[in-house]
Amino acid sequence: MFTPEIEFQPADVIKKYQEKKMQEMLQYMNAKSPYYRNVFDKNHIDISKIRTLEDLSYIPCTTKQDLQLHNQDFLCVPKEQIADYVCTSGTLSAPTTFALTVKDIERLAYNEQIAFE
């Protein structure tokens with residue numbers, strides 16, 4: 001199994017890495033996700049000012065209802081890149097569907113692998 005080197009770094013190095021990845025993800029979401037582009041616009045959020053993990057508090061939380069009502073607007077890839085759809089059980093409300101790419105499935109498999117180990 002490949003384990004990313006970042007997992008063994010001191011907390012301050014991990015935080016700096018997370019913040020770099022967070023900034024990349026915000027740029028990606030702004031470019032690719034109609035839902036998040038709308039959230040940023042509607043709330044006058046300049047994502048270039050979101051620099052630290054603590055700054056995430058300036059972005060409104062995404063709720064399960066948001067996912068249910070605007071499901072297609074969360075997609076950041078063409079539909080041809082969707083490898084699978086998963087659905088919550090809907091125990092406490094209506095089920096929610098999530099589209100997964102091959103990379104999403106690989107990440108989930110990695111998370112499960114390290115959890116079992």
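E19 has its place in helix α1, helices (H or I, at least four residues) and strands (E, at least two) being DSSP runs that are numbered from the N terminus. The model is a predicted one, in which local features need pLDDT of at least 70 and side-chain atom pairs count only at pLDDT 80 or more, whereas totals for chains, interfaces and linings use all residues. Residues are numbered from 1 along each chain as its sequence is written, and side-chain values use heavy atoms, with hydrogens and water left out.

E19 counts as buried because its relative accessibility is 12%, where buried means under 20% relative accessible area, exposed over 50% and partly exposed in between (1.4 Å probe, protein chains only). The side chain of E19 makes a polar contact with that of K15 at 2.5 Å (a pair of N or O atoms within 3.5 Å; within protein, one must be able to donate a hydrogen and the other to accept it, and residues adjacent in sequence count only if both atoms are side-chain atoms). When neighbours within four places in sequence are left aside, E19 is in contact (heavy atoms within 4.5 Å) with R51, T52, L53 and E54.

The chain as a whole has four helices and two strands, arranged from the N terminus in the order α-α-α-β-β-α. Of its 117 residues, 22% count as buried, and residues 24 or more positions apart account for 49% of the contacts with a separation of 6 or more.

Not counting residues up to four places away in sequence, I50 touches M22, Q23, L26, I45, D55, L56, Y58 and I59.

Among the 29 residues that line the largest pocket, M25, T101, K103, D104 and R107 lie nearest its centre; a pocket is an open set of points on a 1 Å grid over the protein atoms alone where a 1.4 Å probe fits, with protein on both sides within 12 Å along at least five of seven lines, and lining residues have an atom within 4 Å of a point. At least two lining residues are supplied by each of α1, β2 (97–100) and α4 (102–116), and α4 gives the most, with six.
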